[in-house]
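Student: I am new to this structure and would like to go through it step by step. Could we look at it together?

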Amino acid sequence: MVARRKQVSENQLTADGATETPLETEKEATMTKYTLPELPFALDALEPYIDAKTMEIHHGKHHAAYVSNLNAALEKHPRFFDVKLEKLLRNLASVPEDIRTAVRNNGGGHLNHSFFWPLLAKGTGAEPKGTLVGAIAKTFGSVEDFKKQLATAATTRFGSGWAWLSLDRYGQLVVHSTANQDSPVIEGFTPVIGLDVWEHAYYLKYQNRRADYIDAFWNVLNWDQAETNFADAYARLKSE
């Protein structure tokens, strides 16, 4: 009942053109800029499923560009360096209009990719264990049924975007997709698993065969990290 009342309140705020919560910043910004995180594995660690050249370009060029562009945008309003990126994205209507689109696109790109890299690991592909697998089975029927739903979300995402397994505001697992670099947090979701289906994530190896890339993803998905993401997301939801 508490969560549902909270949802109604947020809907009312959104309908009135406001945001969930106002952005609060320190009086003087620390100007701590965002940096590109290192990959938790070697560039060639995911071969043959994801090739080293793709990883080099994806991380070192595309993700790096999101970080650079985000910093450039926030330099125009440096007080927002003191606001957590997730909070900025949850409250885009409170971000100054002249940088709002840049924060949405590049902030989302940075947040999404920083979330994505730890979900990839060498020598994985085993079935999940722990509380996440139970929640998946309860929601989708089985892990295989979940994989099919995520594959459908990834395959049918027109153009560039992401497919996600997320927790909604009520603690329910949902499969959904987002366009471009939109983060699930913009829509009020907390991601557990994310799959990048921008062409730069797979085109060198798979060309237009997005479905083959999606199939390969299950061979490098780090289920232990997904379990951690699920536990953290659920604990956070309960504390709100």
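This is a predicted model: local features need pLDDT of at least 70, side-chain atom pairs count only at pLDDT 80 or more; totals for chains, interfaces and linings use all residues.

Student: How many helices and how many strands does the protein chain have?
Tutor: Read along the sequence, the pattern of the protein chain is α-α-α-α-α-α-β-β-β-α-α-α. Counting the elements by kind, the secondary structure comes to nine helices and three strands.

Student: In which order do the three strands lie in the open sheet?
Tutor: The edge strands, each of which pairs on one side only, are β2 (173–179) and β3 (190–196). Strand β1 (residues 161–167) runs antiparallel to β2 and is joined to it by seven bridges. With antiparallel pairing, the open sheet therefore has the order β2-β1-β3.

Student: Which residue in β2 is the bridge partner of S166?
Tutor: Strands of a sheet pair through backbone hydrogen bonds, either parallel or antiparallel. Here β1 and β2 run antiparallel, and the bridge partner of S166 in β2 is V174.

Student: Which helix packs on the sheet, touching β1 and β3?
Tutor: Helix α5 (residues 131–140) lies across β1, β2 and β3, and runs at about 85° to β2. The helix whose direction makes about 90° with that of β3, and which packs on the sheet by touching β1 and β3, spans residues 97–116 and is α4.

Note on methods:
Residues are numbered from 1 along each chain as its sequence is written. Side-chain values use heavy atoms; hydrogens and water are left out. Two strands pair if DSSP finds at least two bridges between them. Helices (H or I, at least four residues) and strands (E, at least two) are DSSP runs, numbered from the N terminus. Contact means heavy atoms within 4.5 Å. Axes are lines fitted to C-alpha atoms, for helices over the stretch in contact, and angles run from 0 to 180 degrees between N-to-C directions.
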